[in-house]
Amino acid sequence: MYKITEDKISKVSKVMILTIMIAFGFAVYLYRLFSMQIVQGEHYRSQSQRISSQISIISAQRGEIFDRKANLPIVTNENSFAVEVTPGEIPSGRYDTVILKLANYLGISKAEIDKKIPKNIRRSYTAIQIKSNVPFTVISNIAENKTDLPGVSWISKPIRRYLHTGSLSHIVGYVGDINKTEITVLYNQGYTQNSIIGKTGIEKQYDSLLQGKPGRELSTVDVHGRIISNTPTIEPPTMGNSLVLTIDSDIQKLVEDALGARVGASIVLKPSTGEVLAMVSYPYFDSNIFSSDDSAVEYAKLTRDPLNPLLNRAVQVSYPPASTFKIIMTAAMLQEKAFPSSKAIECKGKMVYGGRVFHCHVKDPGHGWLDMKNGLAQSCDVYFWTIGRDYLGIEKIASYAREFGFGKSTQIDLPSQANGLVPTAEWKEKKFHEKWLGGDTMSCSIGQGYMEATPLQLANMVAMVSNEGTIYKPHILKEVRDSVTNEVIQEIKPTVLTQSTIDNDVWKEVQDAMRYTVTDGTIEWVFHRQKIQVAAKTGTAEVDQYKNSSDNKHWHSWLVAYAPYDAPPEDRICVATIVEAINNWEWWAPYCTNIIIQGYFNNQNYDEAVNALRYQSVIEELRKNSGARRE
């Protein structure tokens, strides 16, 4: 009996102990729950919200751009600001008031801001950029009235400043806000919707080098995007690389002044390296307008201009090369041994073929009997019609044109260029469904008809003659430098673009013929005071739209040249100049080119070169008596 009672007591004790332990644990749990929810509830609620970081991008300054002297920039950056709005920071009910005031300060409509801040994001704590290129005076006004503008802030956003306006605009280009198409392509390369990118020229070609590395500001934010921490972590931006161009600003200005306000283009090239020393296309524009508030309006004006100032005629327009093409014809004839250079062809001022009368530029009674050297010097059409039609044919002509770089890319480091055209019988059949005729060959033989080339391609053609068979890839970038240390990161070396198979003795004969053209040919008088020995060829191209005009005084005027003739290639320059038919006819390309050569080799500006050549009276006379065609 005693034993049973003892067992019962033991069982009851165990149950009581277990009950007490459970009760104690539950009490501890209730206490902890009470403490977390009531005593420390606010602390933990706050902590739960502080769970993310907000990253703000700090724009990097674009690298500066220099000419070949690399002492002063031709493109730099200027301090400016962008105004932002964080909609969630604007108190409820005050949105319209705040935005209207901000619009008045910025000089824009409230509707413009509303478009950037639609109703569905007006409680967001993400900053939205409203306007860039805001001057410091406006920022000062906003800062003075900050209490009336909750949610409004500003950041530094430098703008591009082009210190040398004018003809450099086609080379350096301009920048602008990234668009939807561009951001789609470039998003994975670190670009954002607020990025500024190159749109044309060097700015576009080397945008990745100029961009630099954006900085970052890391701030702790709550789930609504409100900044909590007052001490953000900042990673400073790195400025983009500096670019040193092959362009010489002094030579660029000389060429710009020599071409003047004439629609056309002129290029100065170092044939031994492919470096472009100057590239002028007229008309040009001011790259700074694309950083202004009226950039859209100004751009629209440029696109409506019938002369199209945005077009770089040096590389983006192809023209009939006219009689400059006779250089290629001469080289082809000599290399193929198609016709003896010493044998003469009679020019009677015209040639009848296929029921048509083809007139030489001197018309009746013609040049008389001419060998190759005099045929080139006098730019006789009859001579080269005969060579092309009877002794070479279009396939050989086309083959040599391509060997000189016609009909294909020059691979210059600019975003866009024209390739020109080298026509063939097959091309005409595909294009027009017509057979190639002997008259087509005659037209191409003097650089007319379907044959087309850019001024840069003609500069390369002359470079091949100067180098006796080699064209180096033309380029505008000379060096890439670190923007902080000025250390050279990359130097552009000469690269062979085309290597000809033409014999060396042929080049000597072509060079001599081009020199003879200056001393005894159509441009003898233009160069008679030039002490530098020049080898050159003129060209006067007919233009379809003016063929039947009443005054018949409109032709494209060409001159291509290299100098000095008696110097090694590394000491020479090549020049190609075109003055378009839309200008009043002055036969200006030869004079323009001679002024450039005079200024380059004598370290003279335009006025000094004109005085040295005694061109003042000539210029006045040309303006009075413009209209007479010359080759």
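The charged end of Lys 373 sits 5.2 Å from the centre of the Tyr 516 ring, over that ring. A second case involves arginine: Arg 262 lies over the face of Trp 588, 4.1 Å from the ring centre. Keep in mind that this model is predicted.

The structure holds 21 aromatic pairs. One of them joins Tyr 319 and Trp 558; their planes stand at 85°, so the pair is edge-to-face. This pair links distant parts of the chain, 239 residues apart. Tyr 319 is in the loop between helix 12 and helix 13, and Trp 558 is in strand 24. Trp 555 and Trp 585 form another edge-to-face pair. Their loops are 30 residues apart in sequence, so the pair ties those parts together.

| Aromatic pair | Centre to centre | Angle between planes |
|---|---|---|
| Tyr 319 and Trp 558 | 6.0 Å | 85° |
| Trp 555 and Trp 585 | 5.1 Å | 80° |

Are these residues buried or exposed? Tyr 319 is buried, at 3% relative accessible area. Trp 558 is buried at 0%. Trp 555 counts as buried at 8%, and Trp 585 is buried at 5%. Elsewhere, Tyr 174, Phe 285, Phe 290 and Tyr 299 form one aromatic cluster.

Six strands form an open sheet with mixed pairing, in the order 7-3-2-12-20-21. Strands 7 and 21 are the edges, each pairing on one side only. Strand 2 and strand 12 pair in the parallel sense over two bridges. Ile 65 stands opposite Leu 243 in strand 12.

Finally, Gln 335 belongs to helix 13. Gln 335 is buried, with 18% relative accessible area. Its contacts beyond four places in sequence include Tyr 400 and Asp 503.

How values were computed
Residues numbered from 1 in each chain as written. Predicted model: local features only at pLDDT ≥ 70, side-chain atom pairs only at ≥ 80, totals over all residues. Heavy atoms only, no water. Helix = DSSP H or I, 4+ residues; strand = E, 2+ residues; numbered from the N terminus. Buried < 20%, exposed > 50% of the residue type's maximum accessible area, 1.4 Å probe, protein only. Contact = heavy atoms within 4.5 Å. Pairing = 2+ DSSP bridges. Phe/Tyr/Trp six-rings, centres within 6.5 Å; stacked < 30°, edge-to-face > 60°. Lys NZ or Arg CZ within 6 Å of the ring centre and 35° of its normal.
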